[in-house]
Amino acid sequence: MFEVRIHGRGGQGVVTAAELLSIAAFAEGKYAQAFPTFGSERMGAPVVSFCRWSEHPIRVREPIATPDAVILQDPTLLQSANPFHGLKPSGWLLINSDLTTEELGISNLFSTECIPRLSIIPASSVAVRYLGKPLPNACLLGAFAALTGLLNIDSVVRAIREKFSGHLASRNESAAHACYDIALERSLAYVETA
Amino acid sequence: MLRQLETSRSIAEAVALCRPEVVCAYPITPQTHIVEGLAEFVREGRLRPCEFLNVESEFAALSVAIGASATGARAYTATASQGLLFMAEAVYNASGLGFPIVMTIGNRAIGAPINIWNDHSDSMALRDAGWMQLFASTAQEAADLHIVAFRLAEELSCPVMVCVDGFVLTHSYEAVDLPVQEQVDAFLPRYEPRQVLDPAIPVSVGAMVGPEAFTEVRYLAHQKQLRALDLLPELSRDFANIFSRPCGALISPYRTDGANTIVVALGSVNGTIQDVVDEMREAGRSIGSISVGCYRPFPMCAVAEATAQASRIVVIDRSLAPGMGGILAADVHMATQSNPVRIFSVIAGLGGRPITRSSLRRVFETAMDDALGQLTFLDLQTELIERHLERERKMWNTGPAAENILYDIQRIAAEIG
């Protein structure tokens, strides 16, 4: 079982991101389950969504408390909560930001027992270039595929095509590829220095 | 075909395959996506002939369904929570008049306090309204049960609620094997109404019945429900033959062979329970579980037989009868009167509180050590309760309990933080 938790704000596509991940995992023949934290949907309010996949049917229906990966769509959430809570010691952490760990103030957040495999991707900035809007979903999922190597970028693209159509699909697809490439370079660099 | 979909979408697809002729809808979270899906199919012409009616309230939604059903149309609607309560009068009318309407309930708590999250309070409030109630434990069942429900409803001329855990199931994205039209057509014949309003053959439906016959009309309604206990297993076999998977069982036992302790529950929590059963079986504990798929009529004999060898039953209720306890627990008590068995009632998951494996395991282990009380509230925050009771002891004009407790939560968080 692999479990991903996504943190963002209402309107950023937090729920859609988890759904896209589940479609991508399904495309690779896995059993997948995606679900949001349920609440009164409001633009800008903190939202959490979840996706788990497995080689076996998934029966459990509890929120993900100890994720293998965390995707942080909006780093301003760091001011009010700890989105990394419960992240497994060697889990993956993908953050949407133009800043560095030092600038984000998270360089001291992890102990020697917990060293996540981290990638910071300017997903919103790239999204503005491709979509004209700071909607980081496709970018982050492209980067997720590169960072973890657990899902093929082709599956991510397939999920995007299933969920969107026309220009929206092709632009998101390009954005996903762009961030896939960025993350591939950066994650390799990270592994070398680590 | 296997597709990764939101369960609400899968339900809409399954309902469309049943060829409803009238769909009436009033939006209420968390069932909205289902009727939105059906509205889309009607607009695109995928579902035809079918009339989609936007109505002004839930009361109207079911009233329109009753009217449609009375003219011989296959009618469908969906609702949840306060919406179901708002249509309560029509709910009794639909069953009392014997119209085979199918209605999805996206199970949700009832206010006050206002709460939009999942539990079973809504359909429980109307469990005695004369509708049959089927509970989906998985995304696949959530879709399939609608196909079974139309056939069951029409064979008995009695309406059926398909209860699907709001958000937990309705908003979950999962793979579902959607049948093709030919399969559904083979399982579900054209609707042949037992009673129909037709100007060519004028009859009236909805007589006033006094003391001379009201008991007999009610007795027949009861007998009709009991017939479902024989019919549903037959339909389930039919379903399996056509769709190559089971659906519509009265109960689904899991690892109950030789189990000393059996957990009984309704709905989607059964998946989590089965994971815990596996964990505990691996640790050598003698435990199994039963998912109750048909809640009304209640399968008394099936429950009694499946638990005959057990010495303990833990019933998980996702609703509460204040002043009494677990509602399903009371039904299980009734069913197992002649078994030498101890029954523990556990209230869990009210108003959307997640039911986790660790909490379930703790409560099952405690029950197996015979250290569990007869009624337990899972993960109850006793500190909050104590604070409020203390407040009530100290002063008369405490103000509203809900607001006070929310204030206490913030204060405790500040003390810790």
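**View 1. Contact between helices H3(A) and H4(A).** Ala123(A), Val126(A) and Ala127(A) of H3(A) meet Cys139(A), Leu140(A) and Ala143(A) of H4(A); contact requires C-beta atoms, placed from the backbone, within 7 Å. The residues of this contact comprise six nonpolar, no polar and no charged, where Ala, Val, Leu, Ile, Met, Phe, Trp, Tyr, Cys and Pro count as nonpolar, Asp, Glu, Lys and Arg as charged, and the others, Gly among them, as polar. The model is predicted: local features need pLDDT of at least 70 and side-chain atom pairs pLDDT 80 or more, whereas totals for chains, interfaces and linings use all residues. Residues are numbered from 1 along each chain as its sequence is written, and chains are lettered from A and ligands numbered from 1 in the order in which they are written.

**View 2. Crossing of H3(A) and H4(A).** The axes of H3 (residues 123-131) and H4 (residues 137-148) of chain A come within 8 Å and cross at roughly 125°; axes are lines fitted to C-alpha atoms, for helices over the stretch in contact, with angles from 0 to 180 degrees between N-to-C directions. H3(A) and H4(A) are therefore oblique to each other (under 35 degrees is roughly parallel, over 145 roughly antiparallel, 65 to 115 roughly perpendicular, the rest oblique).

View 3. E2(A) and strand E8 (residues 173-177) of chain B run antiparallel and are joined by two bridges; pairing requires at least two bridges found by DSSP. Helices (H or I, at least four residues) and strands (E, at least two) are DSSP runs, numbered from the N terminus. Glu174(B) in E8(B) is the bridge partner of Gln33(A).

Definitions and conventions. Two residues are in contact if their C-beta atoms, placed from the backbone, lie within 7 Å.
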